[in-house]
Amino acid sequence: MKNVKNKIVWEHNTILLKIVYKKFVNPEKRQYLCNRYPENNLFALRRLIPIEDLKRSPVKVVAFFYLQKFSKFHKKRCDMDNNTATLIRQLAARYETVEFLAADPSSFMHQVTGDTNRETTAFVASALSYGARKQFFPKIQRIIDWAGGDVDLWVRSGRFVDDIPDDDGCYYRLYTNRTMRAFLVALQRLLVDYGSLRGFAEAVLAAESMKQGAKSMEREVESMEQEADGCRDAFVVIGGLCRFFADNGSVGVVPKNTTSACKRVCMFLRWMVRDASPVDLGLWADIIDRRTLVMPMDTHVVSEAFRLGLLSSKGASMTSARRLTARMSDIFPDDPLKGDFALFGLGVDEQAR
């Protein structure tokens, strides 16, 4: 009777195994399951799982199946990952140099003086940074020239209305003059209301800290140290910027939400947060943890990440951006966006050949 019962349970869980495996057939998902539950990691599953465990632990079934069927594949993948990690470290060291600035939009914020002015110049430059550099560089330089080098004052005072007409003429590619004016009007409101872009970031982070604090009180406060430290998550600021511009009538320049990859906003935050860099300014290093930055999904970055096996597709979304950031965190745990230089620089060089 016992044997019959075990046979039924085994047959039941063989079906369960097939269903669960089919659901998680993507290698990245299988890897995630094994890493997400340390007690179910590959080393802990070298012994056969008892039949009775199969019924209650589909995650173990998947992990065990992965161990049995994909151990050789996993070893090759690990070897490939080690080789890729070494390559990316070498490329990051090669490209994160002063020479990188000459052909990069980050160079514009180095042309001006004053922290607040550098922030505003960087934000405007990042907003226009798409397409061919030979096309958008002159558009950014034109704004700096109109502003006489003080882009912050030019926006804050509203002088931009004298330089950019309120019509449907083309300013740059998809941006009409009216689109640019609406963007600058919203940016002017942000600067006046919050004092600076940094002031806005601080306000958004403070609001998120209060929200998290209220939730922690409901859960009997998890950690006093965590509470005192406050929120330093870059993703919170990305979402805050998207909401602010959407709520203030600017459409098309800053994404309306974080469903898209928000490449230009992520790039701006990299410039503001990463310190000890010849390229990035690090003005906000004290308010945002650079480990929370999100990879800017430039075309070159996406293509090289896909070619190196760091991404499973060439789609650019916030999900894929955070997935790639996680891969970079494995290589640069304290500074994942250092990998941006490696992938972007490699992509530009490949295109130039």
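1. Please keep in mind that the model is predicted.

2. By class, the lining of the largest cavity comprises six nonpolar residues, one polar residue and one charged residue.

3. Two helices each supply at least two residues of this lining: H5, spanning 115-127, and H12, spanning 263-273. The most comes from H5, which gives three residues.

4. As to size, the volume of the largest cavity is about 40 Å³. When the whole structure is searched, one cavity of 30 Å³ or more is found. Rolling a probe the size of a water molecule over the atoms is what shows where empty space is left.

5. Is Cys-266 buried or exposed? Its relative accessibility is 2%, so Cys-266 counts as buried; the cut-off for buried is under 20%.

6. Which residues does Cys-266 touch, leaving aside its neighbours within four places in sequence? Cys-266 is in contact with Ile-238, Ala-261, Val-294, Met-295 and Pro-296.

7. A further pair involves Leu-293: Cys-266 and Leu-293 are separated by 27 residues in sequence, while their C-alpha atoms are 7.2 Å apart in space.

Methods. Residues are numbered from 1 along each chain as its sequence is written. This is a predicted model: local features need pLDDT of at least 70, side-chain atom pairs count only at pLDDT 80 or more; totals for chains, interfaces and linings use all residues. Side-chain values use heavy atoms; hydrogens and water are left out. On a 1 Å grid over the protein atoms alone, a cavity is a set of points where a 1.4 Å probe fits but cannot get out, and a pocket is an open set with protein on both sides within 12 Å along at least five of seven lines; lining residues have an atom within 4 Å of a point. Grid points are joined across faces, edges and corners, and a volume is the space filled by probe spheres set on the points. Helices (H or I, at least four residues) and strands (E, at least two) are DSSP runs, numbered from the N terminus. Ala, Val, Leu, Ile, Met, Phe, Trp, Tyr, Cys and Pro count as nonpolar, Asp, Glu, Lys and Arg as charged, and the others, Gly among them, as polar. Buried means under 20% relative accessible area, exposed over 50%, partly exposed in between (1.4 Å probe, protein chains only). Contact means heavy atoms within 4.5 Å.
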